[in-house]
Amino acid sequence: MKLFFSRVTSISFFCLLVLAGHVQAQLVAGDELADVLRKGGLVLVMRHTNSPRELPDAATVNPDNVNSERQLDDKGRRDATAIGETIRRLHVLISEVLSSPTYRALETARLAGFESVIVQDELSNEGMQESGAQNTEWLRSQVASQPDKGNRLLITHGPNLNAAFPDEAAGLEEGDTLVFKYDANTGVSLVARIKAAEWPEL
């Protein structure tokens with residue numbers, strides 16, 4: 001069953017970002033970021049970890065990848081595992097995990113150790129030319145909706161991130177994460193950008 005959250009228009013979202021501009025200019029990192037993550041109330045939007053553009057052949061396809069979709073390479077598997085280990089080591093509560101239905105996104109969630117994952121079609125990158133505006137609005141609405149407890153994690157794809165958050169996602173690589181916070185007074189703000197390799201250093 002899919003979770004449903006309040007929707008906001010693209011214009012409303014960008015107005016919220018403008019109101020929170022002073023916060024976006026001061027991104028947190030290191031010990032401060034670990035503390036912020038533990039406090040909760042955040043939405044983490046992650047690009048799935050490293051995945052080759054080429055489809056796997058019969059010799060390299062994972063046994064459970066029944067449709068022979070793109071899958072993670074060694075780096076992608078290491079990064080996904082390390083991200084999950086760091087989240088548990090820091091005692092960061094992830095209360096909701098929503099993922100693209102693609103194999104590489106679900107593999108990222110599985111290797112990170114998340115057992116309860118909601119497959120969300122809007123997080124896919126298939127058919128973006130036809131449904132990009134709808135997916136973009138949906139993704140923006142998620143960061144403008146604070147989790148009831150802990151943090152919400154969304155696992156998606158580069159095209160979705162670039163369409164929904166063109167400035168915030170500039171230069172975002174596979175495995176990188178944008179961390180958003182919503183406040184009723186200040187609106188939506190970007191509080192951190194976490195590269196895949198930076199998670200174990202927190």
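## An aromatic pair

A search of the whole structure, which is a predicted model, finds one aromatic pair, where rings of Phe, Tyr and Trp (its six-membered ring) pair if their centres lie within 6.5 Å, and planes under 30 degrees apart count as stacked, over 60 as edge-to-face and the rest as tilted. The ring centres of Phe-165 and Phe-180 are 4.8 Å apart and their planes stand at 40 degrees, so this pair is tilted. The pair links distant parts of the chain, since Phe-165 is in the loop between α7 (158-164) and β5 (177-183) while Phe-180 is in strand β5, 15 residues apart. Helices (H or I, at least four residues) and strands (E, at least two) are DSSP runs, numbered from the N terminus.

Phe-165 is buried at 0% relative accessibility, and Phe-180 is buried at 1%. Here buried means under 20% relative accessible area, exposed over 50%, and partly exposed in between (1.4 Å probe, protein chains only).

## How the model is read

Residues are numbered from 1 along each chain as its sequence is written, and side-chain values use heavy atoms, with hydrogens and water left out. Because the model is predicted, local features need pLDDT of at least 70 and side-chain atom pairs count only at pLDDT 80 or more, whereas totals for chains, interfaces and linings use all residues.

## The nonpolar cores

A nonpolar core is a set of buried Ala, Val, Leu, Ile, Met, Phe, Trp, Tyr and Cys residues joined through side-chain atoms within 4.5 Å. The largest one has 26 residues, and those with the most contacts inside it are Leu-37, Leu-153, Val-179 and Trp-199. Two or more residues come from each of α3 (30-39), β1, α4, β2, α5 (103-111), β4 (151-156) and β6 (187-194), and the largest share, four residues, comes from α3.

Leaving aside neighbours within four places in sequence, the residues in contact with Val-179 include Leu-37, Val-43, Leu-190 and Ile-194, contact meaning heavy atoms within 4.5 Å. A second, separate core of 19 residues includes Ile-118, Ala-144, Ala-164 and Leu-190.

Lys-75 forms another with Asp-79, the closest N and O atoms being 2.7 Å apart; Lys-75 is partly exposed at 38% relative accessibility, whereas Asp-79 is buried at 12%.

## Two residues with positive phi

Most residues other than glycine have a negative phi. Ser-68, although not a glycine, has a positive phi of about 50 degrees; this residue lies in the loop between β1 (42-47) and α4 (74-89) and is partly exposed at 32% relative accessibility. His-91, also not a glycine, has a positive phi of about 60 degrees; His-91 is found in the loop between α4 and β2 (94-99) and is exposed, with a relative accessible area of 66%.

Key
Salt bridge = Lys/Arg side-chain N within 4 Å of Asp/Glu carboxyl O.
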